[in-house]
Amino acid sequence: MARGLALGWDRPVLCTDVVAERAQALADEVGGEALASAAEVAQRADVVVLCHKPPQLAAVAAEVAPHAKAIVSILAATALAEVKAAYPDRPVYRILPSTPVEVRQGAVILAADDEQDAELDAALRGLLEELGTLVVLDDTMVDVAMGLMSNAPAYYALVVESQVDAGVRHGLTADQASRLVVQTMAGTAELLRRQGYDTLAARRAVTSPGGSTARGLDALERGGVRAAFSDALDAILKR
(Lines give C-alpha, C1' and ligand atoms only; values in the text may rest on other atoms or scores of the structure.)
Protein backbone atom coordinates (compact mmCIF):
# COMPACT_ATOMS: atom_id res chain seq x y z
CA MET A 1 0.00 0.00 0.00
CA ALA A 2 2.94 2.30 0.65
CA ARG A 3 4.03 1.82 -2.94
CA GLY A 4 0.50 2.48 -4.21
CA LEU A 5 0.31 5.78 -2.32
CA ALA A 6 3.74 6.84 -3.54
CA LEU A 7 2.86 6.04 -7.15
CA GLY A 8 -0.43 7.89 -6.86
CA TRP A 9 1.19 11.01 -5.43
CA ASP A 10 4.04 10.78 -7.97
CA ARG A 11 6.44 12.73 -5.76
CA PRO A 12 9.89 11.90 -4.38
CA VAL A 13 9.70 10.15 -1.02
CA LEU A 14 11.83 9.39 2.00
CA CYS A 15 11.23 5.74 2.85
CA THR A 16 12.53 2.83 4.86
CA ASP A 17 11.72 -0.86 5.12
CA VAL A 18 12.98 -3.85 7.06
CA VAL A 19 13.97 -5.18 3.64
CA ALA A 20 16.35 -2.47 2.48
CA GLU A 21 16.10 -3.51 -1.17
CA ARG A 22 12.36 -2.92 -1.14
CA ALA A 23 12.77 0.65 0.09
CA GLN A 24 15.48 1.29 -2.49
CA ALA A 25 13.24 -0.07 -5.26
CA LEU A 26 10.50 2.38 -4.25
CA ALA A 27 12.90 5.32 -4.17
CA ASP A 28 14.24 4.32 -7.58
CA GLU A 29 10.69 4.12 -8.94
CA VAL A 30 9.27 7.44 -7.70
CA GLY A 31 12.38 9.39 -6.74
CA GLY A 32 13.67 10.32 -3.33
CA GLU A 33 15.83 8.38 -0.88
CA ALA A 34 15.77 5.04 0.90
CA LEU A 35 16.95 5.66 4.46
CA ALA A 36 18.44 3.29 6.98
CA SER A 37 15.85 3.72 9.74
CA ALA A 38 12.38 4.97 10.55
CA ALA A 39 13.94 7.45 12.98
CA GLU A 40 15.89 9.04 10.13
CA VAL A 41 12.73 9.30 8.04
CA ALA A 42 10.96 11.00 10.94
CA GLN A 43 13.83 13.44 11.44
CA ARG A 44 13.75 14.57 7.82
CA ALA A 45 10.10 14.27 6.74
CA ASP A 46 7.34 16.85 7.20
CA VAL A 47 4.80 14.03 7.62
CA VAL A 48 5.42 10.36 8.42
CA VAL A 49 3.02 7.85 6.86
CA LEU A 50 2.80 4.66 8.91
CA CYS A 51 2.45 1.61 6.63
CA HIS A 52 3.60 -1.13 8.99
CA LYS A 53 1.61 -3.98 10.58
CA PRO A 54 -0.84 -2.90 13.32
CA PRO A 55 0.79 -4.95 16.11
CA GLN A 56 4.01 -2.99 15.51
CA LEU A 57 2.44 0.33 16.58
CA ALA A 58 4.23 0.63 19.92
CA ALA A 59 7.60 -0.60 18.66
CA VAL A 60 7.63 1.76 15.68
CA ALA A 61 6.39 4.68 17.79
CA ALA A 62 9.31 4.19 20.18
CA GLU A 63 11.64 4.87 17.26
CA VAL A 64 9.61 7.47 15.37
CA ALA A 65 7.72 9.49 17.98
CA PRO A 66 10.70 11.44 19.37
CA HIS A 67 11.30 12.97 15.93
CA ALA A 68 8.03 13.03 13.94
CA LYS A 69 6.35 16.37 13.22
CA ALA A 70 3.04 14.83 12.07
CA ILE A 71 1.71 11.30 11.59
CA VAL A 72 -0.61 9.72 9.04
CA SER A 73 -1.64 6.15 9.84
CA ILE A 74 -3.05 3.62 7.37
CA LEU A 75 -3.10 0.86 10.00
CA ALA A 76 -6.20 -1.31 9.78
CA ALA A 77 -8.16 -2.09 12.94
CA THR A 78 -6.23 0.60 14.82
CA ALA A 79 -8.43 3.43 16.06
CA LEU A 80 -7.40 7.05 15.74
CA ALA A 81 -7.26 7.31 19.55
CA GLU A 82 -4.71 4.47 19.69
CA VAL A 83 -2.44 6.18 17.18
CA LYS A 84 -2.78 9.50 19.02
CA ALA A 85 -1.83 7.81 22.27
CA ALA A 86 1.31 6.45 20.63
CA TYR A 87 2.16 9.86 19.13
CA PRO A 88 1.01 12.50 21.64
CA ASP A 89 1.33 16.27 21.23
CA ARG A 90 1.43 16.46 17.45
CA PRO A 91 -1.05 16.23 14.53
CA VAL A 92 -2.17 12.63 13.95
CA TYR A 93 -4.45 11.46 11.13
CA ARG A 94 -5.98 8.10 10.28
CA ILE A 95 -6.65 7.22 6.65
CA LEU A 96 -7.46 4.03 4.77
CA PRO A 97 -6.81 3.89 1.01
CA SER A 98 -7.74 1.29 -1.60
CA THR A 99 -5.22 -0.11 -4.06
CA PRO A 100 -6.51 1.89 -7.09
CA VAL A 101 -4.94 5.01 -5.50
CA GLU A 102 -1.93 3.87 -7.52
CA VAL A 103 -3.71 5.11 -10.66
CA ARG A 104 -5.53 7.97 -8.87
CA GLN A 105 -8.83 6.11 -9.03
CA GLY A 106 -8.97 4.95 -5.44
CA ALA A 107 -11.29 5.48 -2.52
CA VAL A 108 -9.73 7.04 0.57
CA ILE A 109 -11.27 7.25 4.04
CA LEU A 110 -10.23 10.00 6.44
CA ALA A 111 -11.27 9.58 10.06
CA ALA A 112 -13.10 12.71 11.19
CA ASP A 113 -11.38 14.67 13.93
CA ASP A 114 -11.22 18.12 15.49
CA GLU A 115 -9.05 20.65 13.68
CA GLN A 116 -5.41 20.06 14.56
CA ASP A 117 -3.37 22.34 12.31
CA ALA A 118 -5.51 24.21 9.80
CA GLU A 119 -2.77 24.51 7.17
CA LEU A 120 -1.70 20.87 7.54
CA ASP A 121 -5.33 19.66 7.61
CA ALA A 122 -5.99 21.41 4.29
CA ALA A 123 -2.75 20.20 2.72
CA LEU A 124 -3.44 16.59 3.69
CA ARG A 125 -6.97 16.72 2.30
CA GLY A 126 -5.59 18.08 -0.95
CA LEU A 127 -3.09 15.22 -1.19
CA LEU A 128 -5.76 12.62 -0.48
CA GLU A 129 -8.14 14.09 -3.07
CA GLU A 130 -5.42 13.62 -5.70
CA LEU A 131 -5.76 9.85 -5.19
CA GLY A 132 -9.46 9.55 -6.09
CA THR A 133 -12.58 9.95 -3.96
CA LEU A 134 -12.13 11.14 -0.37
CA VAL A 135 -14.82 10.27 2.19
CA VAL A 136 -14.64 11.61 5.75
CA LEU A 137 -16.20 9.31 8.35
CA ASP A 138 -16.48 9.01 12.09
CA ASP A 139 -13.64 6.82 13.31
CA THR A 140 -16.11 4.19 14.56
CA MET A 141 -17.26 3.63 10.96
CA VAL A 142 -13.82 3.33 9.38
CA ASP A 143 -13.56 -0.46 9.74
CA VAL A 144 -17.00 -0.93 8.15
CA ALA A 145 -16.03 1.32 5.26
CA MET A 146 -12.72 -0.52 4.95
CA GLY A 147 -14.66 -3.74 4.44
CA LEU A 148 -16.42 -2.14 1.49
CA MET A 149 -13.44 -0.61 -0.30
CA SER A 150 -10.08 -1.94 0.86
CA ASN A 151 -11.07 -5.56 0.25
CA ALA A 152 -13.28 -4.87 -2.74
CA PRO A 153 -10.61 -4.86 -5.50
CA ALA A 154 -10.17 -8.58 -4.81
CA TYR A 155 -13.94 -9.09 -5.03
CA TYR A 156 -14.22 -7.20 -8.31
CA ALA A 157 -11.28 -9.14 -9.71
CA LEU A 158 -13.11 -12.35 -8.77
CA VAL A 159 -16.30 -11.08 -10.46
CA VAL A 160 -14.33 -10.22 -13.60
CA GLU A 161 -12.63 -13.61 -13.54
CA SER A 162 -15.99 -15.37 -13.21
CA GLN A 163 -17.49 -13.45 -16.12
CA VAL A 164 -14.43 -14.03 -18.28
CA ASP A 165 -14.57 -17.76 -17.53
CA ALA A 166 -18.24 -17.79 -18.57
CA GLY A 167 -17.40 -16.01 -21.81
CA VAL A 168 -14.57 -18.43 -22.57
CA ARG A 169 -16.92 -21.34 -21.92
CA HIS A 170 -19.13 -19.97 -24.69
CA GLY A 171 -16.35 -19.38 -27.23
CA LEU A 172 -14.64 -16.04 -26.58
CA THR A 173 -10.92 -15.87 -25.98
CA ALA A 174 -9.79 -14.85 -22.49
CA ASP A 175 -8.32 -11.62 -23.90
CA GLN A 176 -11.53 -10.69 -25.71
CA ALA A 177 -13.70 -11.43 -22.69
CA SER A 178 -11.35 -9.62 -20.29
CA ARG A 179 -11.30 -6.43 -22.38
CA LEU A 180 -15.09 -6.40 -22.67
CA VAL A 181 -15.77 -7.13 -19.00
CA VAL A 182 -13.20 -4.72 -17.53
CA GLN A 183 -14.21 -1.83 -19.80
CA THR A 184 -17.88 -2.42 -19.03
CA MET A 185 -17.11 -2.37 -15.31
CA ALA A 186 -15.08 0.83 -15.61
CA GLY A 187 -17.69 2.53 -17.76
CA THR A 188 -20.53 1.52 -15.47
CA ALA A 189 -18.68 2.93 -12.47
CA GLU A 190 -18.32 6.29 -14.21
CA LEU A 191 -21.98 6.19 -15.31
CA LEU A 192 -23.11 5.52 -11.73
CA ARG A 193 -20.97 8.41 -10.48
CA ARG A 194 -22.50 10.81 -13.00
CA GLN A 195 -26.01 9.59 -12.16
CA GLY A 196 -25.56 10.25 -8.46
CA TYR A 197 -24.99 6.55 -7.60
CA ASP A 198 -28.55 5.63 -8.64
CA THR A 199 -28.09 1.89 -9.10
CA LEU A 200 -31.78 1.26 -9.74
CA ALA A 201 -31.83 3.72 -12.64
CA ALA A 202 -28.73 2.09 -14.14
CA ARG A 203 -30.33 -1.36 -13.96
CA ARG A 204 -33.64 -0.20 -15.40
CA ALA A 205 -31.87 1.49 -18.31
CA VAL A 206 -30.57 -1.87 -19.54
CA THR A 207 -33.35 -4.20 -18.36
CA SER A 208 -36.37 -4.78 -20.58
CA PRO A 209 -39.32 -6.97 -19.49
CA GLY A 210 -38.54 -10.62 -20.15
CA GLY A 211 -35.24 -9.71 -21.77
CA SER A 212 -31.78 -11.17 -21.40
CA THR A 213 -30.72 -8.76 -18.63
CA ALA A 214 -33.83 -9.58 -16.60
CA ARG A 215 -33.07 -13.28 -16.94
CA GLY A 216 -29.43 -12.75 -15.99
CA LEU A 217 -30.34 -10.65 -12.93
CA ASP A 218 -32.83 -13.30 -11.85
CA ALA A 219 -30.11 -15.94 -12.04
CA LEU A 220 -27.75 -13.80 -9.95
CA GLU A 221 -30.43 -13.15 -7.32
CA ARG A 222 -31.25 -16.86 -7.12
CA GLY A 223 -27.52 -17.52 -6.83
CA GLY A 224 -27.44 -15.35 -3.72
CA VAL A 225 -25.21 -12.51 -4.91
CA ARG A 226 -26.59 -10.01 -2.36
CA ALA A 227 -26.29 -12.44 0.53
CA ALA A 228 -22.75 -13.35 -0.54
CA PHE A 229 -21.54 -9.73 -0.37
CA SER A 230 -23.34 -9.22 2.93
CA ASP A 231 -21.71 -12.35 4.34
CA ALA A 232 -18.32 -11.16 3.11
CA LEU A 233 -18.61 -7.91 5.07
CA ASP A 234 -19.75 -9.81 8.17
CA ALA A 235 -16.71 -12.08 7.83
CA ILE A 236 -14.33 -9.12 7.55
CA LEU A 237 -15.71 -7.41 10.64
CA LYS A 238 -15.41 -10.50 12.83
CA ARG A 239 -12.50 -10.29 15.25
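1. Pro-97 stands opposite Val-108 in strand S6. Strands are DSSP runs of E with at least two residues, helices runs of H or I with at least four, numbered from the N terminus. S5 (residues 92-97) and S6 (residues 106-111) pair in the antiparallel sense, over three bridges. To pair, two strands need at least two DSSP bridges between them.

2. This is a predicted model: local features need pLDDT of at least 70, side-chain atom pairs count only at pLDDT 80 or more, and totals for chains, interfaces and linings use all residues. Residues are numbered from 1 along each chain as its sequence is written, and side-chain values use heavy atoms, without hydrogens and water.

3. The open sheet has five strands, in the order S3-S4-S5-S6-S7, with mixed pairing. S3 (48-50) and S7 (132-137) are at the edges with a single partner strand each, so one side of each lacks a neighbour in the sheet. On average, neighbouring strands are turned by 25° against each other, direction ignored.

4. Helix H6 (residues 118-129) lies across S4 (71-73), S5, S6 and S7, at about 135° to S7. Angles run from 0 to 180 degrees between N-to-C directions, with axes fitted to C-alpha atoms, for helices over the stretch in contact. Helix H7 (residues 142-149) packs on the sheet and touches S5, S6 and S7. Contact means heavy atoms within 4.5 Å.

5. Where does Met-185 sit? Its place is in helix H9 (residues 174-194). Met-185 counts as partly exposed because its relative accessibility is 31%; that class lies between buried (under 20%) and exposed (over 50%), using a 1.4 Å probe and protein chains only.
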